Amino acid sequence: MIRARIAADFFIILSIFIFPYWVPLLAGLFFLFYFRNFYEYLAVAFFLDLLYGGGVLRVYGIPFFLSIAALILYISAAVLKKRLILYG
């Protein structure tokens, strides 16, 4: 399982530099449900905010919107995992 997680990290790091910003976010969202405690998702969102200047992707004037959205998704996924039978 650790090799799969390292491969997922490597894929996300590469996709940050190769693909548009939404591809690593969607891949991270998938890995968020696939792995347990995928903290790297928060780091990816923060790095994307830093890479794009923190102000380029402003939604409703909120700086670091991707990082805030990733934190909300991470908490929501943790709550959802506890309630699903699949992750029981």
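The protein chain has four helices and zero strands, where helices (H or I, at least four residues) and strands (E, at least two) are DSSP runs numbered from the N terminus. Reading along the sequence gives the pattern α-α-α-α. Please keep in mind that this is a predicted model, in which local features need pLDDT of at least 70 and side-chain atom pairs count only at pLDDT 80 or more, while totals for chains, interfaces and linings use all residues. Residues are numbered from 1 along each chain as its sequence is written, and side-chain values use heavy atoms, with hydrogens and water left out.

Let's begin with the chain as a whole. Of its 88 residues, 30% count as buried; buried means under 20% relative accessible area, exposed means over 50%, and partly exposed lies in between (1.4 Å probe, protein chains only). The chain exposes about 6,100 Å², and carbon and sulfur atoms supply 74% of that area. Such accessible areas come from the Shrake-Rupley method with a 1.4 Å probe, and for residues only the protein chains shown count as cover. Among contacts between residues at least 6 apart in sequence, 57% join residues at least 24 apart, a contact being heavy atoms within 4.5 Å.

Now for charges. Side chains of opposite charge can pair when their charged atoms come close. A search of the whole structure finds one salt bridge, meaning a side-chain nitrogen of Lys or Arg within 4 Å of a carboxyl oxygen of Asp or Glu. Its partners are Glu40 and Arg5, with their closest N and O atoms 3.0 Å apart. Glu40 lies in helix α3 (residues 40–51) and Arg5 in helix α1 (residues 2–18), so the pair ties together parts that are 35 residues apart in sequence. Glu40 is partly exposed, at 23% relative accessible area, whereas Arg5 counts as buried at 18%.

Helix α3 also holds Asp49, which counts as buried with 4% relative accessibility. The side chain of Asp49 makes a polar contact with the side chain of Ser67 at 2.6 Å. A polar contact is a pair of N or O atoms within 3.5 Å; within protein, one must be able to donate a hydrogen and the other to accept it, and residues adjacent in sequence count only if both atoms are side-chain atoms.

Next, look at the surface. A nonpolar patch there includes Phe10, Phe17, Phe47 and Leu51, and its members together have about 890 Å² of accessible area. Helices α1 and α3 are the elements that give two or more residues to this patch, and α1 provides the largest share, six residues. Patches are made of residues with over 30% relative accessible area and no salt bridge: like charges are joined within 9 Å, and nonpolar side chains (Val, Leu, Ile, Met, Phe, Trp, Tyr) within 5 Å.

Finally, the aromatic rings. Rings of Phe, Tyr and Trp (its six-membered ring) pair if their centres lie within 6.5 Å; planes under 30 degrees apart count as stacked, over 60 as edge-to-face and the rest as tilted. By this rule there are nine aromatic pairs. Phe17 and Phe47 are an edge-to-face pair, 5.9 Å centre to centre with 75 degrees between the planes. This pair links distant parts of the chain, with Phe17 in helix α1 and Phe47 in helix α3, 30 residues apart. Phe17 counts as exposed at 57% relative accessibility, while Phe47 counts as partly exposed at 34%. Phe30 and Tyr34 form a stacked pair, 5.9 Å centre to centre with 15 degrees between the planes. Being four residues apart in helix α2 (residues 22–34), Phe30 and Tyr34 are separated by about one helical turn. They belong to one aromatic cluster, formed by Phe30, Phe31, Tyr34, Phe35 and Phe38.
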